[in-house]
Amino acid sequence: MDKTFLKLPSTFFLLFVILSSTTTATTAKPHRFSKQLPPATLGLKREKLSHLHFYFHDILSGRNPTAVKVASAPLTNRSATVFGQVMMMDDPLTVGPELTSKLVGRAQGIYASASQTEVGFLMVLNFAFMEGKYNGSNLSVLGRNAAFSAMREMPIVGGSGVFRFARGYAQARTHMLDFKTGDAVVEYNVYVFHY
């Protein structure tokens with residue numbers, strides 16, 4: 001018997017498998033990186049504008065500071081603006097200017113001295129709320145804080161929870177500053193669009 005004939009069915013089978021896998025691959029649904037969605041698919045209704053008002057307590061002194069230095073540059077101690085200093089914070093946010101007033105959230109993140117000519121901080125933080133319908137929701141701030149200006153404005157660049165798709169701005173005004181300790185109480189008015 002011819003050995004070529006015996007090999008013929010296995011050759012056809014192999015050819016059939018190759019052709020059918022190629023056909024399946026070309027007819028399979030292609031993967032997509034992105035697509036547009038109507039806002040309703042995520043349960044988004046009408047956009048709202050909210051105003052939040054609270055006080056930020058940045059405490060550098062005492063046994064339980066809420067802001068601590070985590071880095072500095074060799075020139076930081078010689079700089080009038082403490083240029084290069086980086087602080088990590090977990091500051092309480094309260095309804096009133098007194099630290100004992102109702103706690104509504106925490107400011108968690110970093111601020112770094114980013115100016116050689118004036119006291120100006122790069123602020124990278126989240127306002128993490130824990131009060132009422134805002135409990136578990138966050139607003140993210142990324143911007144410049146010229147600390148000795150009467151009024152500073154920083155952008156709200158996003159949020160989570162109630163504040164998904166948030167955008168807006170935060171106005172900060174120093175309520176109290178202790179030059180000896182560095183402790184400060186800052187009044188915030190935040191205006192934010194969200195769904």
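Colleague: How does the lining of the largest pocket split by class, nonpolar, polar and charged?
Modeller: There are 16 nonpolar, six polar and two charged residues in that lining. Nonpolar means Ala, Val, Leu, Ile, Met, Phe, Trp, Tyr, Cys and Pro; charged means Asp, Glu, Lys and Arg; the others, Gly among them, are polar. This is a predicted model, where local features need pLDDT of at least 70, side-chain atom pairs count only at pLDDT 80 or more, and totals for chains, interfaces and linings use all residues. Residues are numbered from 1 along each chain as its sequence is written, and side-chain values use heavy atoms, with hydrogens and water left out.

Colleague: Which residues lie nearest the centre of the pocket?
Modeller: V119, F121, A147, L177 and G182, out of 24 lining residues. A pocket here is an open set of 1 Å grid points, over the protein atoms alone, where a 1.4 Å probe fits, with protein on both sides within 12 Å along at least five of seven lines; lining residues have an atom within 4 Å of a point.

Colleague: And which elements give two or more residues to the lining?
Modeller: Strand 1 (48-58), strand 5 (120-129), strand 8 (167-177) and strand 9 (184-194). Strand 9 gives the most, with three residues. Elements are DSSP runs numbered from the N terminus: helices are H or I, at least four residues, and strands are E, at least two.

Colleague: Changing topic, what does strand 3 pair with?
Modeller: Strand 3 (residues 86-94) runs antiparallel to strand 4 (residues 103-113), joined by nine bridges. Pairing takes at least two DSSP bridges.

Colleague: Which residues stand opposite each other there?
Modeller: T94 stands opposite L103 in strand 4, and T94 is also the bridge partner of Y55. K69 has M87 of strand 3 as its bridge partner.

Colleague: How do strands 4 and 5 connect?
Modeller: Through a hairpin of six residues. Nine bridges join strand 4 to strand 5, and the two run antiparallel. R106 stands opposite A128 in strand 5.

Colleague: How many salt bridges in the whole structure?
Modeller: The search finds four, counting a side-chain nitrogen of Lys or Arg within 4 Å of a carboxyl oxygen of Asp or Glu. One of them joins the side chains of E47 and R167 at 2.3 Å, N to O.

Colleague: Where do E47 and R167 lie in the chain?
Modeller: E47 is in the loop between helix 1 (3-27) and strand 1, and R167 is in strand 8. The pair links distant parts of the chain, 120 residues apart.
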